[in-house]
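Here is a short report on one protein model.

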Amino acid sequence: MKLIQVLGIVGFSLLAFASSAYPGMQPKVSSASQSTIDKINVLAHGFPLQQVAFADGQGQPHTFEQYHGKIVLVNMWATWCPPCVRELPALQRFAHKFDPSQFVMLPISIDQGGKPQVDAFLADRGITDFSSFYDPQMALDAIFPLDTIPATFILDGQGTLIAFVRSFVDWDDPQAVELIEGFIAKEQQRQASVAALAK
């Protein structure tokens with residue numbers, strides 16, 4: 001076998017390994033469905049995350065540990081990202097479809113101008129009641145790949161990554177509600193099991 005052929009096979013093998021090195025990063029098999037919810041990668045096994053701080057509107061630090069016991073939907077966005085801005089109204093509606101004791105949505109802006117930049121942008125578009133968190137230094141890049149936004153990451157009640165999508169999603173789609181309701185049901189079962197073992 002020629003050397004060029006051997007190098008080509010080795011290179012292809014390394015590329016194939018790299019594409020499957022992270023859980024759920026393999027491309028999904030395309031289907032006839034047109035739902036953007038189908039783009040969400042649900043991991044076969046949860047992926048534990050380290051705690052990285054981000055800020056609220058008052059500059060106070062938060063970590064995902066504060067939302068223990070709840071399903072957490074983290075949406076990374078920026079004012080300069082048209083698909084991100086397109087998602088905002090549906091995300092706002094989506095957050096109100098669940099019991100806040102079971103689910104929390106955390107939109108986190110990576111705009112370098114932080115809250116002043118985001119506030120001015122939202123006011124200019126008449127979106128005055130949208131509440132965001134902030135990560136202008138992109139510290140969350142340590143646990144989330146932020147080279148593509150919008151990007152949404154879903155955590156279970158223990159702060160473990162269980163699903164993600166790195167593209168625009170129509171959060172008004174009923175399938176999105178079904179997906180989160182399924183995660184909430186699993187979390188409630190886990191909590192019930194823990195409580196039963198503690199007796």
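## The nonpolar core

In this predicted model, the largest nonpolar core has 57 residues. Such a core is a set of buried Ala, Val, Leu, Ile, Met, Phe, Trp, Tyr and Cys residues joined through side-chain atoms within 4.5 Å. Buried means under 20% relative accessible area, exposed over 50%, partly exposed in between (1.4 Å probe, protein chains only). Phe-64 and Leu-140 touch the most other core members.

Leu-140 has contacts (heavy atoms within 4.5 Å) beyond four places in sequence. Among them are Val-52, Phe-54, Phe-64 and Met-76.

## Confidence

pLDDT is the predictor's confidence in each residue, from 0 to 100. Its mean here is 85, and 83% of residues reach 70 or more. Over residues 1-31 it stays under 50.

Local features need pLDDT of at least 70, side-chain atom pairs count only at 80 or more, and totals for chains, interfaces and linings use all residues. Residues are numbered from 1 along each chain as its sequence is written, and side-chain values use heavy atoms, without hydrogens and water.

## Aromatic rings

The whole structure holds nine aromatic pairs. Rings of Phe, Tyr and Trp (its six-membered ring) pair if their centres lie within 6.5 Å; planes under 30 degrees apart count as stacked, over 60 as edge-to-face and the rest as tilted. Phe-54 and Phe-133 pair edge-to-face, 5.6 Å centre to centre, with 80 degrees between the planes. These two residues are 79 residues apart in the chain. Both are buried.

Trp-77 and Phe-130 have ring centres 6.0 Å apart and planes at 90 degrees, so this pair is edge-to-face. Trp-77 counts as buried because its relative accessibility is 0%.

Definitions and conventions
Helix = DSSP H or I, 4+ residues; strand = E, 2+ residues; numbered from the N terminus.
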